[in-house]
Amino acid sequence: MSLLSHFSQKSLLSRSLRPPLISSLRASKFSLYPSSFLCSQLHPLSQQPSLACHVTNPPSSRSVSMDSSSPEPTVSIDSLSDDFKNQNLGADGGLHDKNSTSKGKLTLADLNWDHSFVRELPGDSRTDTIPRQVLHACYTKVSPSAEVENPHLVAWSESVSELLDLDPKEFDRPDFPLLFSGASPLVGALPYAQCYGGHQFGMWAGQLGDGRAITLGEIINSKSERWELQLKGAGKTPYSRFADGLAVLRSSIREFLCSEAIHHLGIPTTRALCLVTTGKYVTRDMFYDGNPKEEPGAIVCRVAQSFLRFGSYQIHASRGKEDLDIVRALADYAIKNHFSHIENMSKSESLSFSTGDEDHSVVDLTSNKYAAWAVEIAERTASLVASWQGVGFTHGVLNTDNMSILGLTIDYGPFGFLDAFDPSYTPNTTDLPGRRYCFANQPDIGLWNIAQFTASLTAAQLIDDKEANYAMERYGTKFMDEYQAIMTRKLGLPKYNKQLISKLLNNMAVDKVDYTNFFRLLSNIKADPNTPQDELLVPLKAVLLDIGKERKEAWINWVQSYVHELAASGISDEQRKIQMDSVNPKYVLRNYLCQTAIDSAELGDFGEVRRLLKLMERPYDEQPGMEKYARLPPAWAYRPGVCMLSCSS
């Protein structure tokens with residue numbers, strides 16, 4: 001199946017700002033999953049208006065073909081992302097190593113606040129929360145306003161507190177729940193809500209913005225890292241539209257736990273410092289079926305180096321010529337504060353690449369920092385999506401306002417890990433008519449969103465068509481490189497084997513095999529070609545349930561081919577098991593585990609939330625005594641509201 005669909009040529013920007021058509025890219029295919037399970041056959045992405053963006057691998061990029069047997073190194077632009085992983089912007093504007101010595105623990109009063117976003121970018125002249133179009137501004141100063149009555153600290157993340165150098169004793173403060181519900185102001189904070197727009201389900205939605213999230217400001221820690229603190233569910237802002245700006249406990253528990261679970265799986269994400277209940281109730285129509293009910297209110301403190309999204313740039317590019325300067329200002333801000341290695345590039349690095357066009361055009365990333373920046377964002381996004389595919393994670397709402405420019409998993413609404421393997425799985429009831437955001441479509445959607453982001457940069461004349469096309473080419477190349485490398489490691493293979501992996505995914509889809517448990521058990525297979533046929537499937541019997549004779553033969557044939565590959569690798573069974581178990585988690589945050597914690601929490605028992613938090617901090621470890629958390633979902637887990645959710649929160 002092709003995961004890169006053909007998109008229409010209708011731009012989603014206003015006619016006056018419509019950028020030149022991005023049409024020079026030719027189609028490439030991400031043949032990852034069996035064609036019989038193709039989501040876009042149900043609701044093709046080609047039905048959605050967009051820029052025409054087709055990925056091709058330029059000759060100079062040395063990308064991995066799907067027909068190749070082993071991945072090759074990618075071009076040197078990858079080093080931009082790699083270098084950045086160990087560096088962060090300090091308060092002095094320079095780069096500092098992450099491994100620098102910590103200066104000790106701080107009280108809340110001692111936190112080193114900085115407010116670069118407010119200081120360096122244009123703001124709203126008004127500070128009221130009346131729903132309105134906020135023009136010519138990146139943010140509105142607004143204070144938390146959620147009603148609070150005896151708030152309670154549910155849980156907090158020790159590893160996030162360490163990022164902030166925050167003393168664990170601070171969480172014992174009697175006023176801590178008041179401070180992190182927004183009822184009492186934090187000394188040094190300068191709260192604001194960000195203005196952004198976005199595409200929702202492929203359609204331009206105009207202004208969206210932080211409708212219930214309020215950023216408190218940025219903290220510079222002892223390692224010179226910049227971290228933003230944000231309260232989600234803290235009350236109305238000008239971007240709340242017709243909503244109340246609040247959040248309920250069930251969605252807040254899911255966001256808190258999954259932010260931390262995804263991080264500990266090794267996938268870039270926003271983090272969560274703490275979760276507090278407000279002591280008040282919030283009315284929500286969970287299924288949008290006309291049956292609203294009152295639910296406990298809650299607030300999550302989210303933490304990220306930046307909450308800038310693709311939509312942060314799109315909104316200003318869509319509003320006319322006078323706002324295009326804001327697109328440039330936002331780009332300069334991001335590069336200065338979060339991609340400063342790009343600003344420091346020199347011509348000597350010679351980051352020039354052929355675009356693969358008929359005229360053999362060249363894109364020189366050292367001559368335009370915005371082009372280098374766009375390419376890195378495309379590559380980070382590609383790596384992120386490949387990581388999701390590797391662990392079977394489906395985001396559920398990949399609108400452009402939910403895409404981070406830092407390549408982070410952001411905004412946990414309806415999400416889900418694959419239980420029974422189904423490429424067409426979507427955890428979002430709103431997505432059911434077309435399954436636009438289903439598991440198999442995530443690589444396509446990542447590219448589609450990059451096309452919308454680069455269109456905004458093109459409209460502001462920060463990059464040209466060829467540079468935009470090259471960013472999308474790099475997305476395709478980076479995704480395939482990362483995905484193939486991930487799947488090769490998951491199977492413990494010495495090199496990528498397209499046929500073997502494709503056949504495996506087909507078998508898993510036919511028999512609805514549990515994704516997480518299958519790969520975890522796979523490491524128990526021995527590389528012994530002399531294993532009797534009737535013993536080949538013994539290590540997998542816990543996941544190959546209720547299969548008939550024909551399917552059993554299909555699985556035996558696959559395992560025989562797999563064992564042959566393993567035997568040729570020369571790696572011992574013990575060494576391979578250690579390597580495979582380090583990339584195939586035993587525990588993931590299945591929706592039914594979340595629901596169990598939610599059910600208890602709504603009755604006032606937060607113990608399960610805390611147990612899940614600790615469990616998900618070590619997803620690759622066996623954790624004796626916790627095996628029940630790796631079990632297949634019970635029958636009740638497939639009811640609406642558990643395996644699938646709406647965006648109501």
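The model is predicted. The protein has 17 helices and 16 strands. Buried residues make up 62% of its 649 residues. Among contacts between residues at least 6 apart in sequence, 76% join residues at least 24 apart. The protein exposes about 24100 Å². Carbon and sulfur atoms supply 50% of that area.

- Arg302 sits in strand S12, which spans residues 293-304.
- Arg302 is buried, with a relative accessible area of 1%.
- Its side chain makes a polar contact with the side chain of Glu255 at 2.9 Å.
- The side chain of Arg302 also makes a polar contact with the side chain of Asp411, at 2.7 Å.
- Beyond its neighbours within four places in sequence, Arg302 is in contact with several residues, including Ala213, Glu228, Leu229, Gln230 and Lys232.
- Arg271, Ala272, Phe307 and Arg309 are also among the contacts of Arg302.

- Strand S7 (residues 197-200) pairs with strand S8 (residues 203-207) in the antiparallel sense.
- Three bridges join S7 and S8.
- His199 stands opposite Trp204 in S8.
- Two residues lie between the strands of this hairpin.
- Phe201, in the turn, has a positive phi of about 55°.

**Helix H13**

- Helix H13 covers residues 515-522, and seven of its eight residues are buried, so the helix is largely enclosed by the rest of the structure.
- The buried residues of H13 are Tyr515, Thr516, Asn517, Phe518, Phe519, Arg520 and Leu522.
- They pack against helix H9 (369-391), helix H11 (465-490) and helix H12 (498-511).
- Helix H14 (549-569) and helix H15 (573-581) are also packing partners of the buried H13 residues.
- At the start of H13, a side-chain oxygen of Asp514 reaches to within 3.3 Å of the backbone nitrogen of Thr516.

**Positive phi in loops**

- Most residues other than glycine have a negative phi.
- Arg241 is not a glycine, yet its phi is positive, at about 55°.
- Arg241 lies in the loop between strand S10 (226-232) and helix H5 (249-264).
- At 47% relative accessibility, Arg241 counts as partly exposed.
- Arg435 also has a positive phi, near 55°.
- The loop that holds Arg435 runs between strand S16 (416-417) and helix H10 (442-459).
- Arg435 is partly exposed, with a relative accessible area of 22%.

**Cysteines**

- A search of the whole structure finds zero disulfides.
- Cys258 is in no disulfide, and the nearest cysteine sulfur, that of Cys594, is 6.7 Å away.
- Cys258 is buried, with a relative accessible area of 0%.
- For Cys301, the closest cysteine sulfur is in Cys274, 4.9 Å away and therefore too far for a bond.
- Cys301 is buried, with a relative accessible area of 0%.

**Salt bridges**

- A search of the whole structure finds 34 salt bridges.
- Asp124 forms a salt bridge with Arg132, with the closest N and O atoms 2.8 Å apart.
- Asp124 is buried at a relative accessible area of 15%, and Arg132 is buried at 14%.
- Glu218 forms a salt bridge with Arg226, with the closest N and O atoms 2.7 Å apart.
- Glu218 counts as buried at 1% relative accessibility, and Arg226 counts as buried at 5%.
- Glu218 and Arg226 are part of a network of salt bridges that also links Asp114, Arg119, Glu120 and Lys336.
- Lys369 and Glu343 meet through their side chains in a salt bridge of 3.1 Å, N to O.
- That pair links distant parts of the chain, with Lys369 in helix H9 and Glu343 in helix H8 (residues 340-343), 26 residues apart.
- Lys369 is partly exposed, with a relative accessible area of 24%.
- Glu343 is partly exposed, with a relative accessible area of 39%.

Notes:
Residues numbered from 1 in each chain as written. Predicted model: local features only at pLDDT ≥ 70, side-chain atom pairs only at ≥ 80, totals over all residues. Heavy atoms only, no water. Helix = DSSP H or I, 4+ residues; strand = E, 2+ residues; numbered from the N terminus. Buried < 20%, exposed > 50% of the residue type's maximum accessible area, 1.4 Å probe, protein only. Contact = heavy atoms within 4.5 Å. Areas by Shrake-Rupley, 256 points an atom, 1.4 Å probe, with all protein chains shown as cover. Polar contact = N/O pair within 3.5 Å; in protein donor to acceptor, adjacent residues only side chain to side chain. Pairing = 2+ DSSP bridges. Disulfide = S-S within 2.5 Å. Salt bridge = Lys/Arg side-chain N within 4 Å of Asp/Glu carboxyl O.
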